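Student: I would like a close look at a single part of this chain, with the cut-offs stated.

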Amino acid sequence: MIWFLSLLVQVAWTSVDGSKPINVTAVSFHFPSFDAPISPFVSQEKLEALYDDLLRSSYNKNMPPVPRSGGAINVGVGVNFVKLKSFDVVSGTLTLVVHLRLCWRDDRLQFNSQKAFRSSWNSPADRIVLNSNLVWNPDVVFLNEVDGRQFRHDGAPLLLTDNSFLEKTGVNVLWQRPLEIETKCRADLSMFPFDSQSCELRIGSWATSRQYLQLEPQQLYTEN
(Lines give C-alpha, C1' and ligand atoms only; values in the text may rest on other atoms or scores of the structure.)
Protein backbone atom coordinates (compact mmCIF):
# COMPACT_ATOMS: atom_id res chain seq x y z
CA MET A 1 0.00 0.00 0.00
CA ILE A 2 1.31 3.45 -0.92
CA TRP A 3 1.04 6.10 1.77
CA PHE A 4 0.87 9.73 0.77
CA LEU A 5 -0.02 13.23 1.92
CA SER A 6 -2.13 15.38 -0.36
CA LEU A 7 -1.15 19.07 -0.58
CA LEU A 8 -3.68 21.60 -1.92
CA VAL A 9 -2.28 24.93 -3.11
CA GLN A 10 -4.39 27.95 -4.07
CA VAL A 11 -2.81 30.63 -6.29
CA ALA A 12 -3.86 34.24 -6.89
CA TRP A 13 -3.42 35.74 -10.36
CA THR A 14 -2.51 39.25 -11.52
CA SER A 15 -4.20 39.20 -14.93
CA VAL A 16 -7.65 38.38 -16.24
CA ASP A 17 -6.40 35.68 -18.59
CA GLY A 18 -4.56 33.96 -15.72
CA SER A 19 -1.15 34.20 -17.35
CA LYS A 20 0.74 35.68 -14.39
CA PRO A 21 0.63 34.06 -10.96
CA ILE A 22 1.22 36.44 -8.05
CA ASN A 23 1.52 34.31 -4.94
CA VAL A 24 0.30 31.31 -3.03
CA THR A 25 -2.72 32.34 -0.95
CA ALA A 26 -3.50 29.14 0.93
CA VAL A 27 -1.99 25.77 1.64
CA SER A 28 -3.87 22.89 3.22
CA PHE A 29 -2.98 19.28 3.95
CA HIS A 30 -5.22 16.28 3.48
CA PHE A 31 -4.63 12.83 4.90
CA PRO A 32 -6.54 10.19 2.91
CA SER A 33 -8.59 7.99 5.20
CA PHE A 34 -8.06 4.25 4.97
CA ASP A 35 -7.23 1.46 7.35
CA ALA A 36 -3.58 1.43 8.37
CA PRO A 37 -1.80 -1.87 7.59
CA ILE A 38 0.04 -3.60 10.38
CA SER A 39 3.82 -3.63 10.11
CA PRO A 40 5.27 -7.16 9.87
CA PHE A 41 8.39 -6.16 11.83
CA VAL A 42 7.98 -7.52 15.33
CA SER A 43 11.25 -6.22 16.77
CA GLN A 44 14.43 -4.35 15.87
CA GLU A 45 16.54 -7.37 16.81
CA LYS A 46 14.72 -9.73 14.42
CA LEU A 47 14.91 -7.27 11.55
CA GLU A 48 18.63 -6.63 12.03
CA ALA A 49 19.28 -10.37 12.36
CA LEU A 50 17.56 -10.94 9.00
CA TYR A 51 19.63 -8.20 7.32
CA ASP A 52 22.82 -9.66 8.76
CA ASP A 53 21.88 -13.12 7.48
CA LEU A 54 20.99 -11.90 3.98
CA LEU A 55 24.08 -9.70 3.60
CA ARG A 56 26.54 -12.06 5.24
CA SER A 57 30.20 -11.75 4.30
CA SER A 58 29.92 -14.54 1.72
CA TYR A 59 27.51 -12.46 -0.41
CA ASN A 60 29.41 -10.90 -3.31
CA LYS A 61 27.43 -8.12 -4.97
CA ASN A 62 29.85 -8.08 -7.92
CA MET A 63 28.86 -11.62 -8.87
CA PRO A 64 25.48 -12.26 -10.56
CA PRO A 65 23.10 -14.86 -9.15
CA VAL A 66 23.42 -18.12 -11.08
CA PRO A 67 20.16 -20.06 -11.58
CA ARG A 68 20.11 -23.46 -9.88
CA SER A 69 19.60 -25.12 -13.25
CA GLY A 70 22.39 -23.03 -14.78
CA GLY A 71 22.04 -20.85 -17.85
CA ALA A 72 21.18 -17.18 -18.24
CA ILE A 73 19.57 -14.97 -15.62
CA ASN A 74 16.02 -13.93 -16.49
CA VAL A 75 15.31 -10.26 -15.75
CA GLY A 76 11.80 -8.90 -16.06
CA VAL A 77 11.52 -5.40 -17.56
CA GLY A 78 8.68 -2.89 -17.52
CA VAL A 79 8.34 0.88 -18.01
CA ASN A 80 5.93 3.37 -16.48
CA PHE A 81 5.80 6.67 -18.35
CA VAL A 82 5.52 9.54 -15.86
CA LYS A 83 6.01 12.73 -17.86
CA LEU A 84 6.94 14.07 -21.28
CA LYS A 85 9.33 16.91 -20.42
CA SER A 86 10.26 18.12 -23.88
CA PHE A 87 10.46 17.28 -27.56
CA ASP A 88 12.98 19.38 -29.47
CA VAL A 89 12.18 18.96 -33.16
CA VAL A 90 15.26 20.97 -34.20
CA SER A 91 17.85 18.83 -32.38
CA GLY A 92 15.68 15.71 -32.61
CA THR A 93 15.74 14.90 -28.89
CA LEU A 94 13.00 13.62 -26.64
CA THR A 95 13.17 14.00 -22.84
CA LEU A 96 11.02 11.74 -20.65
CA VAL A 97 10.58 10.93 -16.99
CA VAL A 98 10.00 7.20 -16.54
CA HIS A 99 10.05 4.47 -13.93
CA LEU A 100 12.15 1.54 -15.13
CA ARG A 101 10.82 -1.61 -13.42
CA LEU A 102 13.12 -4.63 -13.05
CA CYS A 103 12.68 -7.93 -11.25
CA TRP A 104 14.82 -11.05 -10.95
CA ARG A 105 15.62 -14.07 -8.81
CA ASP A 106 18.57 -14.08 -6.43
CA ASP A 107 18.59 -17.29 -4.38
CA ARG A 108 21.23 -15.84 -2.08
CA LEU A 109 18.59 -13.39 -0.79
CA GLN A 110 15.91 -15.95 0.02
CA PHE A 111 14.27 -15.82 3.44
CA ASN A 112 11.41 -17.52 5.24
CA SER A 113 9.08 -14.79 6.48
CA GLN A 114 7.22 -17.07 8.87
CA LYS A 115 10.47 -17.99 10.56
CA ALA A 116 11.64 -14.36 10.73
CA PHE A 117 8.36 -12.61 11.52
CA ARG A 118 5.81 -15.38 12.20
CA SER A 119 2.17 -14.55 11.47
CA SER A 120 2.74 -10.79 11.21
CA TRP A 121 3.98 -11.13 7.61
CA ASN A 122 1.37 -10.87 4.82
CA SER A 123 3.24 -12.23 1.82
CA PRO A 124 1.36 -10.54 -1.08
CA ALA A 125 1.96 -7.06 0.34
CA ASP A 126 4.98 -7.12 2.65
CA ARG A 127 8.49 -6.32 1.47
CA ILE A 128 11.97 -5.76 2.87
CA VAL A 129 13.43 -2.42 1.71
CA LEU A 130 17.11 -2.63 0.86
CA ASN A 131 19.69 -0.20 -0.49
CA SER A 132 20.35 -1.22 -4.09
CA ASN A 133 24.08 -0.52 -3.63
CA LEU A 134 24.33 -3.50 -1.28
CA VAL A 135 23.35 -6.26 -3.71
CA TRP A 136 23.87 -7.29 -7.31
CA ASN A 137 21.61 -5.61 -9.85
CA PRO A 138 21.50 -5.92 -13.65
CA ASP A 139 23.05 -3.35 -15.97
CA VAL A 140 19.77 -2.77 -17.82
CA VAL A 141 19.53 0.69 -19.38
CA PHE A 142 17.98 2.64 -22.24
CA LEU A 143 20.54 1.92 -24.95
CA ASN A 144 19.74 4.92 -27.15
CA GLU A 145 19.85 7.46 -24.32
CA VAL A 146 22.25 10.26 -25.25
CA ASP A 147 23.56 11.97 -22.10
CA GLY A 148 24.51 8.99 -19.94
CA ARG A 149 22.86 10.23 -16.74
CA GLN A 150 21.21 6.84 -16.11
CA PHE A 151 24.67 5.35 -15.54
CA ARG A 152 25.02 7.46 -12.42
CA HIS A 153 23.64 5.21 -9.71
CA ASP A 154 20.52 6.85 -8.33
CA GLY A 155 20.45 4.85 -5.11
CA ALA A 156 16.79 3.94 -5.59
CA PRO A 157 15.93 1.29 -2.98
CA LEU A 158 14.85 -2.16 -4.07
CA LEU A 159 12.40 -4.55 -2.46
CA LEU A 160 12.99 -8.12 -1.32
CA THR A 161 10.11 -10.56 -1.16
CA ASP A 162 9.87 -13.78 0.80
CA ASN A 163 10.03 -17.42 -0.31
CA SER A 164 6.26 -17.65 -0.73
CA PHE A 165 6.27 -14.79 -3.27
CA LEU A 166 9.29 -16.37 -4.99
CA GLU A 167 7.50 -19.71 -5.39
CA LYS A 168 4.44 -18.02 -6.93
CA THR A 169 6.18 -15.58 -9.28
CA GLY A 170 9.73 -16.87 -9.82
CA VAL A 171 11.30 -13.59 -8.61
CA ASN A 172 12.25 -12.21 -5.21
CA VAL A 173 13.89 -8.86 -6.03
CA LEU A 174 11.83 -5.89 -7.29
CA TRP A 175 13.49 -2.65 -8.35
CA GLN A 176 11.86 0.50 -9.68
CA ARG A 177 14.25 3.22 -10.84
CA PRO A 178 12.98 6.77 -11.44
CA LEU A 179 14.89 8.10 -14.46
CA GLU A 180 14.96 11.17 -16.63
CA ILE A 181 16.17 10.11 -20.06
CA GLU A 182 17.01 12.04 -23.19
CA THR A 183 16.99 10.07 -26.41
CA LYS A 184 17.32 10.80 -30.11
CA CYS A 185 14.05 11.02 -32.04
CA ARG A 186 14.09 12.49 -35.54
CA ALA A 187 10.89 14.47 -36.21
CA ASP A 188 9.00 14.05 -39.49
CA LEU A 189 7.11 17.30 -40.05
CA SER A 190 5.97 16.58 -43.61
CA MET A 191 2.32 16.39 -42.43
CA PHE A 192 2.54 19.38 -40.04
CA PRO A 193 0.31 20.49 -38.33
CA PHE A 194 -1.45 17.12 -38.57
CA ASP A 195 1.66 15.04 -37.91
CA SER A 196 2.26 12.38 -35.29
CA GLN A 197 5.69 11.27 -34.16
CA SER A 198 6.97 7.80 -33.24
CA CYS A 199 10.04 7.48 -31.03
CA GLU A 200 11.79 4.20 -30.26
CA LEU A 201 13.20 3.40 -26.82
CA ARG A 202 15.69 0.54 -26.78
CA ILE A 203 16.15 -1.27 -23.48
CA GLY A 204 18.91 -3.78 -22.92
CA SER A 205 21.99 -4.76 -21.00
CA TRP A 206 24.90 -2.40 -21.46
CA ALA A 207 27.71 -4.94 -21.05
CA THR A 208 26.21 -8.40 -20.53
CA SER A 209 25.42 -10.60 -23.53
CA ARG A 210 22.22 -12.64 -23.97
CA GLN A 211 24.27 -15.71 -23.18
CA TYR A 212 24.26 -14.61 -19.53
CA LEU A 213 21.22 -12.34 -19.18
CA GLN A 214 17.79 -12.62 -20.81
CA LEU A 215 15.15 -9.88 -20.73
CA GLU A 216 11.42 -10.59 -20.63
CA PRO A 217 8.26 -8.48 -20.07
CA GLN A 218 7.68 -7.90 -16.37
CA GLN A 219 4.37 -8.19 -14.60
CA LEU A 220 3.41 -5.17 -12.51
CA TYR A 221 3.65 -6.49 -8.96
CA THR A 222 1.51 -3.99 -7.08
CA GLU A 223 1.22 -3.76 -3.33
CA ASN A 224 -2.17 -4.70 -1.99
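Student: Where does N137 lie?

Tutor: N137 lies in the loop between β5 and β6 (140-142). Strands here are DSSP runs of E with at least two residues, helices are runs of H or I with at least four, and both are numbered from the N terminus. This is a predicted model, in which local features need pLDDT of at least 70 and side-chain atom pairs count only at pLDDT 80 or more, while totals for chains, interfaces and linings use all residues. Residues are numbered from 1 along each chain as its sequence is written, and side-chain values use heavy atoms, with hydrogens and water left out.

N137 is buried, its relative accessible area being 18%; buried means under 20%, exposed over 50% and partly exposed in between, with a 1.4 Å probe and protein chains only. A polar atom of the N137 side chain lies 2.8 Å from the backbone oxygen of S132. The N137 side chain also reaches the backbone oxygen of V135, at 3.1 Å.

Strand β5 (128-130), on one side of that loop, is among the elements that the buried residues of α1 pack against, as are α2 (113-117) and β7 (158-160); contact means heavy atoms within 4.5 Å. In α1 (residues 44-54) the buried residues are L47, L50 and L54. They fall within an arc of 60 degrees seen down the axis of α1, so they line one face of the helix; the arc is that of the directions from the helix axis to the C-beta atoms. E45 and D52 are exposed, on the face of α1 turned away from its buried side.

How values were computed: Polar contact = N/O pair within 3.5 Å; in protein donor to acceptor, adjacent residues only side chain to side chain.
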